[in-house]
Each structure stands twice: as structure tokens, then as C-alpha cells.
Amino acid sequence: MKRLLTIGIFLICLTSLPVMGETKTIRLRVIETSDVHGYFFPYDFIEGQPLNGTLARVNTYVNRLRKEYGDNLLLLDNGDILQGQPTCYWSNYVVTDEENIAASVVNYMGYDAETVGNHDMETGHAVYDKWIKEVHCPIIGANIIDTKTGRPYVKPYQVFVRDGVKIAVIGMLTPTISSWLNESLWSGLDFLEMVGCARYWVNYIKEVEHADLILGLFHSGQEGNICLPDGRMEDASVKVAREVPGFDVIFFGHDHQQHNEWVKSSDGRKVLTLDPSCWALNVADASIELTYENGRLTKKDIKGNIVSVRNEAIDQRMMDHFQPRIDRIRQYVSRRIGRFETTARTRDSFFGNSAFTDFIHDLQLRISKADISFNAPLSFDSQIDAGDVTVADMFKLYRFENQLYVLNMTGREIKGHLEESYSRWANTMTCADDHLLLLNDNSKGDQQRMGFRNFTFNFDSASGIDYEVDVTKPEGQKVHILRMSNGEPFDEQKTYKVVMNSYRGNGGGDLLTKGAGIAKEDIDKRIIYQSPLDLRYYLMQEIEKMGSVTPKANTNWKFVPEEWTVPAAERDRKLIFGE
């Protein structure tokens with residue numbers, strides 16, 4: 001009997017050991033969305049028309065793959081989901097006693113993990129802390145540090161086990177938050193430099209988790225842009241891929257551009273980097289095959305694609321589920337608040353004074369009682385038609401939930417600020433046939449540039465002063481301030497009250513630092529007023545008070561010499577806008 005028992009145990013142990021030469025292949029699929037910005041449903045609540053893409057189409061694509069891959073499919077979102085369409089504003093600030101619609105959508109679609117984006121942080125603690133609690137999947141961000149504990153504010157990474165494969169996903173957020181957002185929005189937090197943070201957690205995961213795959217999920221663009229004095233870089237996803245061995249795939253976003261590239265890491269291995277761009281028009285899609293021989297991982301076969309979902313079928317079941325809330329949002333954005341007697345278009349703002357930009361200038365000066373206003377077109381080509389103005393139109397007029405700031409600035413600093421702005425905006429013309437504007441054909445696919453070399457939301461003009469921009473002069477010498485618009489002399493030594501949005505007032509775009517020459521650490525000392533609510537709210541209030549308004553272009557600045565700039569503007573307008 002004892003002998004039979006011994007033989008039985010031996011046979012059980014034998015069958016549990018890997019068979020010599022046994023090969024097993026496991027197939028995984030990882031899908032990423034990024035910078036969704038409230039594009040949940042195939043309807044533009046701002047423009048009142050259908051939308052391509054959106055998460056309602058992403059869900060169709062994902063569910064089709066789930067039929068093939070089952071639990072071996074991971075669905076990841078890379079942040080900037082709480083700001084954009086009025087769906088977000090309605091849920092963040094209007095109907096705050098219900099589950100945030102961004103959480104409801106993520107939960108409905110069954111996301112496996114999500115990171116935090118800079119525009120999510122912009123909503124403030126009350127909004128994003130509530131959202132973090134409501135989302136069913138883990139929110140990950142290894143470099144978002146709670147200053148009280150010194151530990152990550154959310155989970156640094158998440159481990160998934162699929163078909164025996166251990167997958168670790170490390171989340172990170174661009175660390176240059178302080179360049180755009182007032183500290184009140186992220187109080188109690190710090191944001192670590194990405195390379196060092198990634199290196200620590202990769203080593204930790206290797207030693208503790210022994211993961212078969214390590215994925216990055218970074219709300220940070222490809223490489224470059226803002227770099228703080230301490231070395232923290234805005235866009236560092238490729239830098240991490242290159243300098244931190246151990247990653248297999250890095251999914252990223254934030255820069256609203258498509259990327260699908262292999263990067264050679266410092267250990268000689270190749271890392272796939274994928275970015276689907278924005279607005280749920282595409283997904284980043286990684287197909288991964290792992291080969292095990294005798295229980296040991298011997299091969300990884302990874303392929304990546306950026307897949308358009310523009311023409312996918314709409315998930316009608318998802319639409320039916322959310323229809324009651326969609327109807328309430330439509331009712332909210334359709335409320336009439338006033339009337340425009342003339343049409344205002346952002347496209348006019350690039351060529352001189354415009355009704356669109358100057359209307360905001362006028363309201364900023366009226367609300368703040370400041371001396372001078374800075375403002376830039378926040379969207380490339382928005383238009384508010386003459387006629388009734390609704391809440392939806394306010395999202396055309398002002399795209400982001402920025403606050404209103406007033407800063408003390410000297411005349412010299414104001415000139416430096418404008419010089420920096422126009423250096424990114426205006427070409428240096430050497431003959432009458434040159435472009436007036438700094439154009440770049442390679443940026444035409446970028447919704448924030450659309451043919452311009454630089455981001456249009458950094459094209460600040462000014463109101464309250466009269467000035468000329470001489471495009472024949474070199475950078476730093478183009479702006480000639482003639483006088484205050486009330487006829488008083490403009491004094492470079494005098495201190496003026498200057499109104500602007502909070503993005504600019506916190507140093508966003510470097511116009512205050514690089515242009516005006518104000519040290520980053522000194523900006524807070526210049527702020528003499530911060531509005532408690534967002535600028536769009538105050539603009540809406542002013543329009544409701546006025547009832548009927550006639551936006552019109554001021555005549556306080558122009559490009560010169562006009563014999564060159566006027567025909568050049570006509571040529572560039574036709575090239576960019578086809579008119």
C-alpha cells in the first residue's frame with residue numbers, strides 16, 4: 001500500500017512538471033485612449049453637430065476585440081478626460097451631486113487602468129478627488145507625490161495577470177504642472193522628474209513583482225517643450241524609453257499628435273512607443289505574443305498600430321444607457337443667454353484686431369478694471385454667428401476652464417511679453433512676397449496649430465495700448481508701443497495692472513518668463529487678483545447682463561509696413577483657410 005501511494009505521488013509530481021520541449025504562445029492585446037477631452041458621445045455639444053470617433057465608437061472596436069481576446073485584452077486611458085466638451089463642465093461644476101460622467105463612461109466601458117492628465121488637475125481637488133473615488137479601475141501615477149506622506153498620491157503601478165502572464169503598468173504625469181496651474185489646484189502634491197521615477201519603479205517591479213511585461217502609461221508627450229530649472233521636462237516619454245531599461249511598450253499622450261516608433265533603450269533593447277493623439281479619433285493598439293518554452297519566457301513579439309475609429313459603428317447600447325444624461329446636457333447647453341448682432345470668428349485674430357479676440361479683451365478689462373489685457377485665440381477656427389447666443393457658444397468663445405488673473409507688470413515687461421508672443425506668430429519679412437505668419441506645413445494635422453509653426457494659444461495680443469508690429473524687424477524688435485489707448489503716454493518704467501487668463505498668469509507658454517523676463521518663482525508675487533470661478537462663467541454673466549451685444553474689432557494694433565502686410569495677410573489667409 002505504501003509503495004502504491006509513493007508511486008501515485010511520483011506520478012502527480014511528474015505530470016505537474018513542464019514537458020521537455022513544450023512550447024506555449026500567449027496572445028495579448030493592449031488598447032490605449034488618450035486626451036479624450038470629453039468626447040464620449042458622437043455629438044458635438046458645442047457646435048450642435050455629429051462627431052467622428054468618440055468613445056461610443058471606441059467601445060465598438062474594443063468589444064469586437066474582446067470577443068477574440070477575452071480577458072487577454074487590456075483597455076487603458078491616459079488622462080485629460082475631465083475637460084473639453086460641455087459634458088465635462090456640466091458634470092464637474094453644474095451637477096456635482098451625481099457620479100462624474102467621465103467616471104460613468106470609464107466604468108461602463110470596463111477600462112483596466114487610467115492615468116491623470118494635466119487638464120484633469122486643472123479641475124481642482126474637489127473634482128478630481130471625487131472622480132478618482134468614483135472610477136472602478138485603478139488610477140495610477142507613480143510621480144504624483146503626496147507631500148505629507150512622501151508617497152504616490154494614487155497607485156504608482158498596477159499588476160495584471162492574464163493567462164499566467166504578469167503585466168505591470170506604470171503610470172506617470174507630465175511634471176511641469178506648476179508652469180500652467182496655480183498651486184491651489186494641486187495643493188499638497190508634487191510631481192517628480194520622470195526618468196528617475198521610472199527607473200526606481202522599473203527596478204522595484206523587477207525585484208518584487210517579477211513581471212513578464214512592463215508597460216508605461218504616461219501623460220507626457222514625445223520629448224522636449226518646457227524644461228524647468230530643476231530638469232523636469234514636460235514631454236519625456238521617449239527620454240524614459242531611451243534611458244530606462246525594462247519597458248516593453250510605452251503608451252503616451254498629452255501632445256495631441258500620433259506617434260508609432262521604436263526607440264532603442266540604453267541596454268540595446270527596442271521599446272515600442274505609441275500615442276493615439278486626441279479626441280478619441282484613434283486608439284493606440286499593441287499586439288503582443290509571448291512564447292514560453294518549458295515554462296520560461298523565451299520570446300516577445302510586439303507590434304503596434306494607431307487605428308482610426310472615425311468610421312466605426314456607434315455602440316447603440318452605450319448610447320441608450322447614457323441617453324437620459326445626454327438629454328440633460330443638451331438642455332443645459334441650449335439655454336439662451338443673449339444675442340450677438342455680428343458674427344465673431346477666431347480666424348480673424350491671426351491677422352490683426354478681430355471682433356472675437358477683442359470682445360474677450362473688452363470683457364476682461366471691464367470685469368477686472370485692469371489697465372491692459374492679454375488674450376490669445378484658444379481655438380484655431382471657432383465662430384459665433386450673429387443671432388441668439390447659448391451656453392454652447394460660450395465654449396466656442398472660451399475653450400478652457402481658466403481663471404481670470406491680474407498681475408502687476410512694468411511697461412518694459414509688457415513689451416517683452418508681446419515681443420515673445422509675436423516672435424512665435426509673425427514671420428520676419430525680407431520682401432513683399434514673404435509670408436506674414438510663421439507657417440509650417442507639417443503641423444496641419446495638429447488641431448492646436450493647423451499650419452502654424454507654433455501653438456496658437458500662445459499668440460497673445462494686447463488691448464489698452466496702441467502699438468505696431470513691424471515684421472521687417474528681427475525678433476525682439478518688432479513691437480513698437482505708441483501710447484495707452486486712452487491717450488496717455490506709455491511708460492516702460494511704470495507699473496500697470498495687466499489682466500490675463502490663469503494659464504498665462506501661472507507662466508504657461510513662457511511669455512511671462514522668457515518674454516517679460518520675470519523669474520518663475522517671482523510670478524506669484526505679481527498676482528494681485530485671482531477669480532474664484534472660471535473665466536467662461538464671468539463672460540457668460542456679462543453677456544447675460546448686456547442682453548444684446550455687438551462684438552467689433554478694435555483699432556489699437558496692426559502689422560506694418562502695410563504695403564507688405566496687407567497683401568501678405570490675404571495670401572496667408574487663403575492658404576490657411578481657403579478664403
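**Entry 1: helix H3**

I began with helix H3, residues 86-94, and found it mostly covered, with 7 of its 9 residues buried. I listed the buried residues of H3 as Pro 86, Thr 87, Cys 88, Tyr 89, Trp 90, Ser 91 and Asn 92. The model I am reading is a predicted one.

Next I asked what covers the buried residues of H3. The cover includes helices H4 (101-109), H6 (125-134), H9 (316-333), H11 (391-397) and H16 (535-546), along with strand S28 (527-534).

**Entry 2: the chain as a whole**

I then stepped back to the whole chain and noted 17 helices and 30 strands. Its radius of gyration is 27 Å, close to the 25 Å that the globule rule gives for 579 residues, so I put the chain down as being as compact as a globular protein of that length. Along the principal axes, the C-alpha atoms fill a box of roughly 110 × 50 × 50 Å.

I looked up burial and found that buried residues make up 59% of the 579 residues. For the accessible surface I wrote down about 23800 Å², with 49% of it belonging to carbon and sulfur atoms.

How many of the contacts between residues at least 6 apart in sequence join residues at least 24 apart? The share is 74%.

For charges, I noted 65 positive and 81 negative side chains. The centres of the two sets lie 3 Å apart.

**Entry 3: nonpolar cores**

The largest nonpolar core has 95 residues. I looked for the members that touch the most other members, and these are Phe 40, Phe 41, Leu 55, Met 121 and Trp 131.

I followed up Leu 55. Not counting residues up to four places away in sequence, Leu 55 touches Thr 33, Val 36, Tyr 39, Phe 40, Val 105, Met 109, Tyr 111, Ala 280 and Met 318. Another core, of 42 residues, lies apart from the largest one, and its members include Tyr 405, Leu 418, Ile 518 and Phe 577.

**Entry 4: Ile 465**

I went to Ile 465, which lies in strand S25 (residues 465-470). Is Ile 465 buried or exposed? It counts as buried, at 0% relative accessibility.

Leaving out residues up to four places away in sequence, I listed the residues that Ile 465 touches: Ile 372, Ile 414, Leu 418, Ile 481, Arg 483, Met 484, Ser 485, Phe 490 and Asn 556. I also checked Ile 465 against Leu 482, which is 17 residues away along the chain; their C-alpha atoms are separated by 7.5 Å.

**Entry 5: Gly 411**

Gly 411 lies in helix H12, residues 411-425. I found Gly 411 buried, with a relative accessible area of 0%.

Which residues are in contact with Gly 411, leaving aside its neighbours within four places in sequence? They are Phe 490, Asp 491, Glu 492, Lys 494 and Tyr 496. Gly 411 and Asp 491 are 80 residues apart along the chain, and I noted 5.7 Å between their C-alpha atoms.

**Entry 6: Asn 440**

I located Asn 440 in the loop between H12 and strand S24 (461-463). Asn 440 is partly exposed, with a relative accessible area of 24%. Its contacts, leaving aside neighbours within four places in sequence, are Gly 451, Phe 452 and Arg 453.

**Entry 7: backbone angles**

His 210 has a phi near 55°. It sits in the loop between helix H7 (194-209) and strand S10 (213-219). Its relative accessibility is 55%, and exposed means over 50%, so I marked His 210 as exposed.

Lys 369 has a positive phi of about 65°. I placed Lys 369 in the loop between helix H10 (355-368) and strand S20 (372-375). Lys 369 counts as exposed, at 59% relative accessibility.

Last, I looked up a cis peptide bond. The bond from Val 560 to Pro 561 is cis, with omega near 0°. I found Pro 561 in the loop between strand S30 (557-560) and helix H17 (562-577).

Note on methods
Residues are numbered from 1 along each chain as its sequence is written. This is a predicted model: local features need pLDDT of at least 70, side-chain atom pairs count only at pLDDT 80 or more; totals for chains, interfaces and linings use all residues. Side-chain values use heavy atoms; hydrogens and water are left out. Helices (H or I, at least four residues) and strands (E, at least two) are DSSP runs, numbered from the N terminus. The radius of gyration is taken over C-alpha atoms; the globule rule is 2.2 Å times the number of residues to the power 0.38. Buried means under 20% relative accessible area, exposed over 50%, partly exposed in between (1.4 Å probe, protein chains only). Contact means heavy atoms within 4.5 Å. Accessible areas come from the Shrake-Rupley method with a 1.4 Å probe; for residues, only the protein chains shown count as cover. Lys and Arg count as positive and Asp and Glu as negative; His and the chain ends are not counted. The place of a charge is taken as NZ of Lys, CZ of Arg, CG of Asp or CD of Glu. A nonpolar core is a set of buried Ala, Val, Leu, Ile, Met, Phe, Trp, Tyr and Cys residues joined through side-chain atoms within 4.5 Å.
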